[in-house]
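The sequence and the model are shown first.

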Amino acid sequence: MQDIKCPKCGEIFKIDDSGYTAIVKQIRDKEFEKEIKTNKDFYENEKESAVKVALAELNTEKDKLIAEKEKTIEKLKSDLELGKAKTDLEINKAVQEKETEILELRKELTLEKKERELSEKTLKERYDGELKGKDEQIAFYRDLKARLSTKMVGETLEQHCEIEFNKLRATGFQNAYFEKDSDASNGTKGDYIYRETSADGVEFISIMFEMKNEMEGTEKKHKNEDFFKKLDKDRNDKGCEYAVLVSMLEPDSDLYNTGIVDVSYRYPKMYVIRPQFFIPIITILRNAAENSISYRRELALVKEQNIDITNFESQIEDFKEKFGRNYRIASEKFNTAIEEIDKSINHLQKIKDALLSSENNLRLANNRAEDLSIKKLTKGNPTMAKKFEEIKEEKED
């Protein structure tokens, strides 16, 4: 029940919620209709005034545009009459120039066509000759390969390596020894031995080379690892520091086709290469070994003086082991670094996706908070609706 005070007599009387609501609705509807009528009259007056002003401005602008267009038309007519004669002369002149230009172009095109035909004929004859020569060369090498024995195929690879080395012997390997291994006193021998000394005669690097190739038609295909054990034995028998297998075997192997392959995990200081890496492997190993020349020089001096050289030999062996170890570690670290970079990229992408998802959820929550109202909170809850209404009434009193 609600207490209602009469504004005229001051009498207080009670009224239920439905009656109170009806009174409020009656007052609100009456005021609302009054306000609508007032606003409607105001907007009608404003509308009529605006229309009148707009029509007046439109008529004025229209008169101006008509006058300007009439002036423009008169000027264009005058310009057209004056320029017509001049235009006719220019058109005739331009036509004559174009006709002359077309004649010249036709002459040039004819000459170019003849030159192009002649050039194409010359090129065709030249390329046909070169192609014929290549075909003859291919046929020659196919016939040569078919007639080569397995031994001759291997010797061809040896000759290739020896030729490549001799190209640089005079300029890059003045103090180097590179010759066939002819000593089979221990039962086997390698193919080539490389040794190099410093200017004062101190040997600082030695390599045992084995060259392996086989014909395409060979039924039993060998693998590179079939020759590791023999190569290691020949290296030790001839006192060489490194062992290198120059191989054309396993031509489809991704491992051996990538470059210089370190197989020290099977046999110490052993590498497998394709022929194109023959000079690079020598250069890499000799550059690394040059750092040990001072140790070797001291070792040679100590030996001449009959001094105990155990510590010096240990230092040299330690240097050799560290070099090999550093080479392997560097390779492993590089691969590990690449893998970690890929992992970091994937991890950052996941963080980015999570942040984007979080931002979307925050946006949805913010939208829900902005959409929250008393009307929605009290919908279907008469108790809360009544409480909010009481608070509203207290504020109004």
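Helix 3 (residues 228-237) of this predicted model holds both Asp232 and Arg235, which are 3 residues apart, about one turn of the helix. Their side chains form a salt bridge, with N and O 3.4 Å apart. Asp232 has a relative accessible area of 12% and is therefore buried; Arg235, at 9%, is buried as well.

| Salt bridge | Closest N to O distance |
|---|---|
| Glu210 and Lys212 | 3.5 Å |
| Glu241 and Lys269 | 3.5 Å |

The bridge between Lys269 and Glu241 connects distant parts of the chain, the two residues being 28 residues apart. Lys269 belongs to the loop between strand 7 (261-262) and strand 8 (270-273), whereas Glu241 belongs to the loop between helix 3 and strand 6 (242-247). Both Lys269 and Glu241 are buried. Elsewhere, salt bridges with shared partners join Glu210, Lys212, Lys230 and Asp234 into one network. Within this network, Glu210 is buried because its relative accessible area is 3%, under the 20% limit.

Surface charge is also present. Glu104, Glu108, Glu112 and Glu115 form a negative surface patch. Glu104 is located in helix 1 (residues 17-147) and, at 40% relative accessibility, is partly exposed.

Turning to cysteines, the whole structure has 0 disulfides. Cys161 is buried at 0% relative accessibility, and Cys240 is buried at 5%.

Terms used: Residues are numbered from 1 along each chain as its sequence is written. This is a predicted model: local features need pLDDT of at least 70, side-chain atom pairs count only at pLDDT 80 or more; totals for chains, interfaces and linings use all residues. Side-chain values use heavy atoms; hydrogens and water are left out. A disulfide is a pair of cysteine sulfur atoms within 2.5 Å. Buried means under 20% relative accessible area, exposed over 50%, partly exposed in between (1.4 Å probe, protein chains only). Patches are made of residues with over 30% relative accessible area and no salt bridge: like charges are joined within 9 Å, nonpolar side chains (Val, Leu, Ile, Met, Phe, Trp, Tyr) within 5 Å. Accessible areas come from the Shrake-Rupley method with a 1.4 Å probe; for residues, only the protein chains shown count as cover. A salt bridge is a side-chain nitrogen of Lys or Arg within 4 Å of a carboxyl oxygen of Asp or Glu. Lys and Arg count as positive and Asp and Glu as negative; His and the chain ends are not counted. The place of a charge is taken as NZ of Lys, CZ of Arg, CG of Asp or CD of Glu. Helices (H or I, at least four residues) and strands (E, at least two) are DSSP runs, numbered from the N terminus.
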